[in-house]
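Subject: Structure for you to look at

Hello,

Here is the structure we talked about passing on. My notes follow below it.

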Amino acid sequence: MKFFLDTANLEELKKGAAWGVVDGVTTNPSLLAKEGVTPHEQIHRITEIVDGPISAEVVATDFEGMLREGRENAAIHRNIVVKCPLTRAGIQACSKLSQEGIRVNVTLCFSPGQAILAAKAGAWCVSPFIGRLDDLGLEGIQVIRDICRIYANYGFKTQVLAASLRSPLHVVQAAEAGAHIGTMPFKVLDQLFNHPLTDKGLDQFLKDYSKAFQEAPAGR
Ligand code: G3P
């Protein structure tokens with residue numbers, strides 16, 4: 001499963017990219033609104049940090065507006081993936097942009113039926129939101145399982161990008177379900193590292209080493 005960071009914050013992206021495990025980035029209007037520079041400028045800065053697919057969402061809600069913004073976003077950098085919402089106009093724009101060779105991430109997907117529409121429109125990926133379904137008392141991860149099975153049944157090329165992942169468990173469940181990509185906030189990526197037995201084990205190894213060799217290991 002590819003790991004994308006779900007953030008528009010440059011410091012978080014730099015830290016994540018330095019670990020060598022970040023394959024791409026997803027942004028949305030809410031995330032970009034926190035950063036204090038124009039979305040176009042921020043997306044451009046992100047392309048200088050992560051060399052992988054970077055989702056930039058349209059904010060127009062009509063077909064013509066989405067096409068115009070989608071083409072403008074795609075022109076920022078070769079790594080841009082245009083994000084369109086799963087509305088009638090969004091699916092129409094996805095279809096047209098995809099025909100033009102622009103990769104589209106269809107976002108705000110909450111059901112397998114919606115995901116079939118995205119695949120039929122030639123989306124590069126579809127983004128089902130797991131956490132927001134869980135918020136309603138539904139089992140978000142089941143939607144990932146269903147979409148992966150349906151796409152495999154018909155050989156759809158559209159990738160499943162599990163979004164709205166709120167915990168390390170969500171990441172693991174998305175991977176088990178067969179999601180091609182998981183996008184997560186920096187905090188969740190950071191949490192994936194943590195295990196008390198790793199800390200305890202490393203501490204013991206270093207104590208044993210110091211005791212035997214009467215010296216601190218390099219870098220300590
Ligand atoms: O970027 C879309 C999605 O990942 C948002 O997550 O936590 O706001 O539901 P969340």
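E41 and R45 both belong to helix α3, which covers residues 39-47, and they are 4 residues apart, about one turn of the helix. Helices here are DSSP runs of H or I with at least four residues, numbered from the N terminus. The side chains of E41 and R45 form a salt bridge, with 3.0 Å from N to O. Side chains of opposite charge can pair when their charged atoms come close. The count of salt bridges comes to 10, each being a side-chain nitrogen of Lys or Arg within 4 Å of a carboxyl oxygen of Asp or Glu.

On provenance: this is a predicted model, where local features need pLDDT of at least 70 and side-chain atom pairs count only at pLDDT 80 or more, while totals for chains, interfaces and linings use all residues. Residues are numbered from 1 along each chain as its sequence is written, and side-chain values use heavy atoms, with hydrogens and water left out.

Now the ligand. Around the ligand are D6, N28, K83, F129, R132, A163, S164 and R166, each with a heavy atom within 4 Å of it. By class, this shell has 4 charged residues, 2 polar and 2 nonpolar.

- D6, at 2.6 Å
- S164, through an N or O atom, at 2.7 Å
- N28, at 3.0 Å

The protein covers 83% of the 310 Å² of accessible area that the ligand has on its own (Shrake-Rupley method, 1.4 Å probe).

Regards

Technical notes: A polar contact is a pair of N or O atoms within 3.5 Å; within protein, one must be able to donate a hydrogen and the other to accept it, and residues adjacent in sequence count only if both atoms are side-chain atoms. Ala, Val, Leu, Ile, Met, Phe, Trp, Tyr, Cys and Pro count as nonpolar, Asp, Glu, Lys and Arg as charged, and the others, Gly among them, as polar. Helices (H or I, at least four residues) and strands (E, at least two) are DSSP runs, numbered from the N terminus.
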